[in-house]
Amino acid sequence: MIGTSVSGRPIVAVELGTPAAARTLLVVGCIHGSEPAGIAIAQRLETLTPPAGVDVWVIEDLNPDGVAAGTRQNAHGVDLNRNFPYRWADLGPPGTQQYAGTGPLSEPESAAAAQLIERVHPSVSIWFHQPEALVDLSGGDPAVEQHYAALVGLPAQQLTRYNGSAVSWENQQFPGTTSFVVELPPGSLSAAAADRYANAALALVS
């Protein structure tokens, strides 16, 4: 467990593979509680064997309060993907969709993720969202992002880069690494689709 949510639900990170390896993969199944399909990918990844010499960290659900409530935000009404330090900004008052909190990493969920990332320095991080059905060219190595898009059969394009987003913070904080968003289709994933996305993640660090 790397932390707890506002309401006290556990936030768990599972480590697989070779601890402290030169290549590290982080997968976050869900950060917006109303976009939970990536949890199935994270769960599938936990059953797979990583390539030799690779450390893999999996957070199934960074926003368990939001998932329980079916809301984008956490229990404080904060959009966790606007709560990271890089270019954090006040994006609206409490109750608005992109309320960014009282300051960078004000929320226990985003703080727990940031502490883990600062400790393990992932070479590649994948953050799952919904429902655009594409891979976002998020500011890391576009070759990595495009490779993943090809492996899973999604188009790659650049979406808006929002203040305080997790991937922008990672890409700025850790030069030479690649953190990117995968927008899954709406609805739940089939077991075959979850398997495809999970295996493609391992392929990026093999």
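This is a predicted model: local features need pLDDT of at least 70, side-chain atom pairs count only at pLDDT 80 or more; totals for chains, interfaces and linings use all residues.
Visitor: Why is Arg87 called exposed?

Guide: Its relative accessibility is 58%. Exposed means over 50% relative accessible area, buried means under 20%, and partly exposed lies in between (1.4 Å probe, protein chains only).

Visitor: Where does Arg87 lie, and what is its phi?

Guide: Arg87 is in the loop between α2 (64-69) and α3. Its phi is near 55 degrees, a positive value in a residue other than glycine.

Visitor: What makes His121 partly exposed?

Guide: Its relative accessible area is 45%. That is between the 20% and 50% limits, so His121 is partly exposed. His121 sits in the loop between α3 and β6. Its phi is also positive, near 45 degrees, and it too is a residue other than glycine.

Visitor: Why is Val54 called buried?

Guide: Val54 has 2% relative accessibility. The limit is under 20%, so Val54 counts as buried. It belongs to strand β5 (residues 54-59).

Visitor: What does Val54 touch?

Guide: Leaving out residues up to four places away in sequence, Val54 is in contact (heavy atoms within 4.5 Å) with Leu16, Gly17, Thr18, Ala21, Arg23 and Val205. Leu80 is 26 residues from Val54 along the chain, and their C-alpha atoms are separated by 28 Å.

Visitor: Which strands form the open sheet, and in what order?

Guide: Seven strands do, in the order β3-β5-β4-β6-β9-β7-β8, with mixed pairing. Two strands pair if DSSP finds at least two bridges between them. The edges are β3 (13-17) and β8, each pairing on one side only.

Visitor: How do you know that strand β4 and β6 pair?

Guide: Four bridges join β4 (residues 23-28) to β6, in the parallel sense. Two would do, so the pair counts. Val28 has Trp127 of β6 as its bridge partner, and Val27 has Ile126.

Visitor: How many bridges join β6 to strand β9?

Guide: Six, and β6 runs parallel to β9 (residues 178-183). One of the partners there is Ser179, bridged to Ser125.

Visitor: What makes β6 largely enclosed?

Guide: Six of the six residues of β6 (residues 124-129) are buried, so the rest of the structure largely encloses this strand. In a regular strand the side chains alternate between the two faces of the sheet. In β6, Val124, Ile126 and Phe128 are buried on one side, and Ser125, Trp127 and His129 on the other.

Visitor: Why is α5 called largely enclosed?

Guide: Six of its eight residues are buried, so the rest of the structure largely encloses α5. The buried residues are Ala166, Val167, Ser168, Trp169, Glu170 and Asn171. Their cover includes α3 (108-120), β6 and β9.

Visitor: Is Leu159 buried or partly exposed?

Guide: Leu159 has a relative accessible area of 26%, so it is partly exposed. It lies in the loop between β8 (156-157) and α5 (166-173). Apart from neighbours within four places in sequence, Leu159 is in contact with Leu134, Asp136 and Glu183.

Visitor: Which peptide bond is cis?

Guide: The one joining Gln130 and Pro131, with omega about 5 degrees. Pro131 is in the loop between β6 and β7 (134-136).

Visitor: How do you know that the radius of gyration agrees with a compact globule?

Guide: The radius is taken over C-alpha atoms, and the globule rule is 2.2 Å times the number of residues to the power 0.38. For 206 residues a compact globule would be near 17 Å; the protein chain has 15 Å, which agrees. Of these residues, 53% count as buried.

How values were computed. Residues are numbered from 1 along each chain as its sequence is written. Side-chain values use heavy atoms; hydrogens and water are left out.
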